[in-house]
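Biologist: Thanks for sitting down with me. Could you bring up the protein so that we can go through it together?

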Amino acid sequence: MLLSNHQNLRRSSFLFISTGIFIIIQGAMAIVDWFLHIGIFKSIFPYYSTMKFNSGLCFIIAGFSFILLIRYDNLFLKSLFRALLICFGAFSIISFSQDLFHYSAGVDQLFVTDYNSIAGRLPFPGRMSPSTALCFSLLAISLAGIDSKSRAFRNIAQYLLHTITVIAFISLIGYLFKVPYSRKFSFFSTMALNTGIAFLSLSIVASIINYDLGFTRFFTGAGIGNIMARRLVPGMVASLIVVGYLSIELQRQNYITPEFGVVLSTVTFLLIGLFLILGTLVAMNRIDVKRTEAVNECLQLNKNLEEIVSQRTRELKHSNEKFIKMFNANPTCIVITRLDTGEYEDVNPALVEMLGYTRDELIGHTSLELSVISPAYRQYMIDSMNNKGFIRNEDGVFKDKNSHDKHCIVSAELFEDEDQKYMMSFIYDITDRKIIENHLQDTKKSLEVLTDKLSNQNKQLLSFAHIISHNLRAPVSNLNLLVHFYKESTTTEDKDELWGNFETVIGHLNSTLDELLETLKIQEDIAKEREALSFEKTFNGVKEILIGQIKETKAVITADFSRATEIVYPKIYLESIMLNLISNALKYKSPERIPEITITSDNIAGEAILTVKDNGLGIDMARHSENLFGLRKTFHRHAEAKGVGLFLTKTQVETMGGEISAESVVDEGSVFKIVFNKTHA
């Protein structure tokens, strides 16, 4: 946009747009008058030259061009602006050439017929005056070059606008002084009054666009000469017009002779000029007084400023001395580095002591050269400085001269000095504290493991206490009753029968105690020797053990261990787990279908998983999910159901850090899933 660099943009834009609209309205009113025959819009005063239809049309196009000139900001508007310039420029040049070369191009009454001129037998009806055509031609050329990048072209455009101003001004002066219409003055006087006003307004406002060129620069500057020009020229022009007008009118009324009119005009102009000069002199003297006062004030301000600078210099020197003392004596490591290169500009003794380098080994070198910090951490610090301008209490790891890690808390601030960015870092060594924290963390973990172990053992003791109280109470009560019956019996047959009952009850009691002891042995034997085991090989061994049941039930067993072929695990446990799960699948088969058992292994995120799926009787999970792996918990009326196998399997799996889960649907089958500890995979 042309006004992007113009001073006082909003006010200038309003002035230019208002002028463009004014020109468009002038042209539109004249065109309306040509159609409606009102008369006042073509010529402000009767019997004066009228604005021709072609002139009004050119004014409309010129007004739109002027608005586009100061508002276009894309290629389309710029192209439209140039097209409009070509349109009214070419039209005016053709019209002007008709007067120069005395021919008719047929454009004078192209749109409307000038009946008034035809009736008055005026030459060239409908043709715009030569001065009007010339002004339009000059306007099109000046607007085309007014925004040129070349200063020479812009100068030419500026002086063309001044030419238009002079032609319009002469025409208006002729109307003001009522100069008689004559051939000698017809070049100017045939321009319509409203046409002259439009050209004068448009040319003056357009010249303000390049306010530093042409005669416009004499009135727009801030210098003394510009001030004098702004004060003198308007008054002189106005006085010339007034004196000239009065002189001509007095001569026309025969009050004075032409010679006396010249003398009167000269003397009056000299007196007015003297008054204008006197007024300008007074104004200049006031400016000079203000300048002298400003100079004195500047001298006093300079003196005060020198005192302030001297005081601030002393304070700065004192502050600098305090800073140096604090910098060197501070136990916190302080370092100043260039942000762009990372070179050390200054370091305090605390940093030298922490890193083990001498000061000379650090200054002028970078932290990356000395491997004090990693490139990634260096980049992080640069990004933080550029984005936020600071770092607050963040953990960082530095390396000393012996490549030992130094754990630190880092804060940093960004500052500038002579257009160079620096970073001041405050580094607090917490290595000893970090070691203590790590030791405390390790101790905490050990205590947590021990606590978990004690908690599990406590739960196990409570469970065993409950099992013992529940499972041993009945055998002991039976033994007491049998002892009582034995004492009361009198026959040998009764005693033999009771003795047989003794053996049965004691057998059950021994079996229960053996199961409890086996469970305790599994839970205590966490450190049982582990070895790399093949799922396939272990499975084949279990099949050989259960070959009789497999043949009897005609079971179809499918195994796929391709996803996880091995596991590091106690051999006896893995065999026991497979044996219990497969034997249960055979034991609790559905009488309505042949048993189908699928065993697969997998490895997900480092965890070995074993899945055993069957199509047996299934378990009612809604009733038995909580007691599924409990000791002596049975869920089917089966002669061999003891409720021990799943309990032992769960104990073995959890002892080694794994977990077991089950999904089951009655009369559809069950799926047991074992997730072994990651360290065993």
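This is a predicted model: local features need pLDDT of at least 70, side-chain atom pairs count only at pLDDT 80 or more; totals for chains, interfaces and linings use all residues.

Biologist: Let's step back for a moment. How many helices and strands does the protein have?

Modeller: Of its 681 residues, 39% count as buried. Among contacts with a separation of 6 or more, 61% are between residues 24 or more positions apart. As for the secondary structure, the protein has 22 helices and 12 strands.

Biologist: What share of the accessible surface belongs to carbon and sulfur atoms?

Modeller: One nonpolar patch on that surface includes Phe-260, Leu-271, Ile-277 and Val-282, and Ile-277 is found in helix H11. The patch residues together have about 930 Å² of accessible area. For the protein, the accessible surface comes to about 40500 Å², and the carbon and sulfur share is 59%.

Biologist: Which parts does the pair Arg-151 and Asp-212 tie together, and how many residues apart are they in sequence?

Modeller: Arg-151 and Asp-212 form a salt bridge, with 3.8 Å between the closest N and O atoms. Arg-151 lies in helix H6, while Asp-212 lies in the loop between helix H8 (193-207) and helix H9 (217-220), so the pair ties together parts that are apart in sequence by 61 residues.

Biologist: Are those two partners buried, partly exposed or exposed?

Modeller: Arg-151 has a relative accessible area of 45%, so it is partly exposed. Asp-212 has a relative accessibility of 35%, so this residue also counts as partly exposed.

Biologist: Arg-154 is in H6 too; is Arg-154 buried or exposed?

Modeller: Arg-154 is found in helix H6, residues 151-176. Leaving aside neighbours within four places in sequence, its contacts are Gly-145, Ile-146, Ser-148, Lys-149, Asn-210 and Leu-213. Its C-alpha atom is separated by 8.0 Å from that of Ser-142, 12 residues apart along the chain. Its relative accessible area is 16%, so Arg-154 is buried.

Biologist: How far apart are the closest N and O atoms of Arg-312 and Glu-315?

Modeller: Both residues lie in helix H11 (residues 258-329), 3 residues apart, about one turn of the helix. Arg-312 counts as partly exposed because its relative accessibility is 46%, and Glu-315 is partly exposed with a relative accessible area of 40%. In their salt bridge, the distance between the closest N and O atoms is 3.5 Å.

Biologist: And what is that distance for Arg-359 and Asp-346?

Modeller: Arg-359 is partly exposed, with a relative accessible area of 42%, and Asp-346 is partly exposed, with 23%. The two residues form a salt bridge, and their closest N and O atoms are apart by 2.4 Å.

Biologist: Which parts does that pair tie together?

Modeller: Arg-359 and Asp-346 are joined by a salt bridge. Since Arg-359 lies in helix H13 (residues 359-362) and Asp-346 in strand S2 (residues 344-347), the pair ties together parts 13 residues apart in sequence, namely H13 and S2.

Biologist: One last stop: which residues form a negative surface patch?

Modeller: One member, Asp-419, is found in the loop between strand S4 (405-417) and strand S5 (420-429). Asp-419 counts as exposed because its relative accessibility is 77%. The negative patch is made up of Glu-416, Asp-417, Glu-418 and Asp-419.

Terms used
Residues are numbered from 1 along each chain as its sequence is written. Side-chain values use heavy atoms; hydrogens and water are left out. Patches are made of residues with over 30% relative accessible area and no salt bridge: like charges are joined within 9 Å, nonpolar side chains (Val, Leu, Ile, Met, Phe, Trp, Tyr) within 5 Å. Accessible areas come from the Shrake-Rupley method with a 1.4 Å probe; for residues, only the protein chains shown count as cover. A salt bridge is a side-chain nitrogen of Lys or Arg within 4 Å of a carboxyl oxygen of Asp or Glu. Lys and Arg count as positive and Asp and Glu as negative; His and the chain ends are not counted. The place of a charge is taken as NZ of Lys, CZ of Arg, CG of Asp or CD of Glu. Helices (H or I, at least four residues) and strands (E, at least two) are DSSP runs, numbered from the N terminus. Buried means under 20% relative accessible area, exposed over 50%, partly exposed in between (1.4 Å probe, protein chains only). Contact means heavy atoms within 4.5 Å.
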